[in-house]
Amino acid sequence: MRPAVSSRLLVCAALALALGGCTHALKNKGPNPPESTDCSMSAAPEILLQSRTVYVQEADRTLAYYEKAMSENGDSRYVTLIQLARLCFVTGQLGEKSESERRFLKGRSYAEILCREQPDRVEGHYWLALNSACLAEIEGAGAALRSLSGIVEQLEKAQAIDETYDQAGVHRVLGRICCKAPCWPLSEGDMAKSLQHLQAAVELAPGNSTNHLYLAETLMELGEITAARQELKRVLSSTQHAIWPCGFVDDQRQAVRLIQECEESAGSPTPRQNNAPTTGGQCLPKQ
C-alpha cells in the first residue's frame, strides 16, 4: 500500500476512534436506559445490546419531538437546534448504519444554523465538528484527510468558548485526533498536544471512562507504561460515559485488555511501533 493512501486511511481510523466517546448522556426529555439493566462488565452482552436498542428508540422519539418544535420561534429556538444537532449525532452513532449518513447530514445542517445564529455558543461549533467528522469517515479516506483541519478548527473554537462541554469532549476528541492522525504537515498528528488535551480532559471530567482510556493509550504510545496502567485502573472505577449510560462497560473491557498488554510490556519503556504511517507518537517538531 502506498504511504499516502495509508495515511488517509489512518485519518479515517483517527476520526472513528476519536468519536467513540464524544456525546453526553441525554437529559430532560431525552431517553433513559431500562432501570433493570446491569451496567457492569458482568452483564450479559445481549442485555447491554437490548438496553442500547431501547436507548436509541427513545432517542428517536425525542428527536421527532424536537423536529416538530423546530418551527417555534423565540428564546427556545437555540435549545431546539442544540438538541437536534446532538440527537442526530447520537442516533447516527448508535442506530442502524444504513441511516447514519442521513442523520449526520441533518445534524451538520442544524449545527450550521446554530453557528450562524449563535456564533458565541459552544454547541454549534462542537456538534458541527462531530457530525462533519462522521460524514468524512463515511465518505472515505480522501474526504477525511481533506476535512480534518476544518474539524479541528471548529473544535478549537468550541474549546475557546467552553472546554468543559460534553464531559470535556473537545479535549477528548482533539487528544485522540492528535494521537492517531498522520503527522504535520500531512495532517494533525502531534503526540505532545494529544497528551496535553487528554490530561486536561481527565482533570475536567474525571468520571468519564473514555477520557482515562484515551489518555492511557496515548501514554502507552509514549512508552509511559506505569502511568498508563494507573489511568487504566481509573477506567475500571469510572461510571460515566459520553455516548450512552452503559457505554463505560465497553471502555472497562478494553482497559482490562490493555492492562494485560501493559503487564507484558513492563520493563520496555519504548513507544509501540507498527507498520502504519508516521503518527503523533513519531512526529517531528513543527518547523
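**View 1. Surroundings of L155 in the predicted model.** Leaving aside neighbours within four places in sequence, L155 is in contact (heavy atoms within 4.5 Å) with Y126, A129, L130, V170, V173, L174 and I177. This is a predicted model, in which local features need pLDDT of at least 70 and side-chain atom pairs count only at pLDDT 80 or more, while totals for chains, interfaces and linings use all residues. Residues are numbered from 1 along each chain as its sequence is written, and side-chain values use heavy atoms, without hydrogens and water.

**View 2. The largest nonpolar core.** A nonpolar core is a set of buried Ala, Val, Leu, Ile, Met, Phe, Trp, Tyr and Cys residues joined through side-chain atoms within 4.5 Å. Buried means under 20% relative accessible area, with a 1.4 Å probe and protein chains only. The largest such core has 37 residues, and Y126, W127, L130, L155 and I177 have the most contacts inside it. At least two residues of this core come from each of helix 2 (45–69), helix 3 (77–94), helix 4 (100–117), helix 5 (122–139), helix 6 (141–161) and helix 7 (165–180). Helix 5 gives the largest share, nine residues.

View 3. In soluble globular proteins, nonpolar side chains tend to be buried together.

**View 4. The protein chain as a whole.** The chain has eleven helices and zero strands; these are DSSP runs, of H or I over at least four residues for helices and of E over at least two for strands, numbered from the N terminus. Of its 287 residues, 52% count as buried.

Note on methods. Buried means under 20% relative accessible area, exposed over 50%, partly exposed in between (1.4 Å probe, protein chains only).
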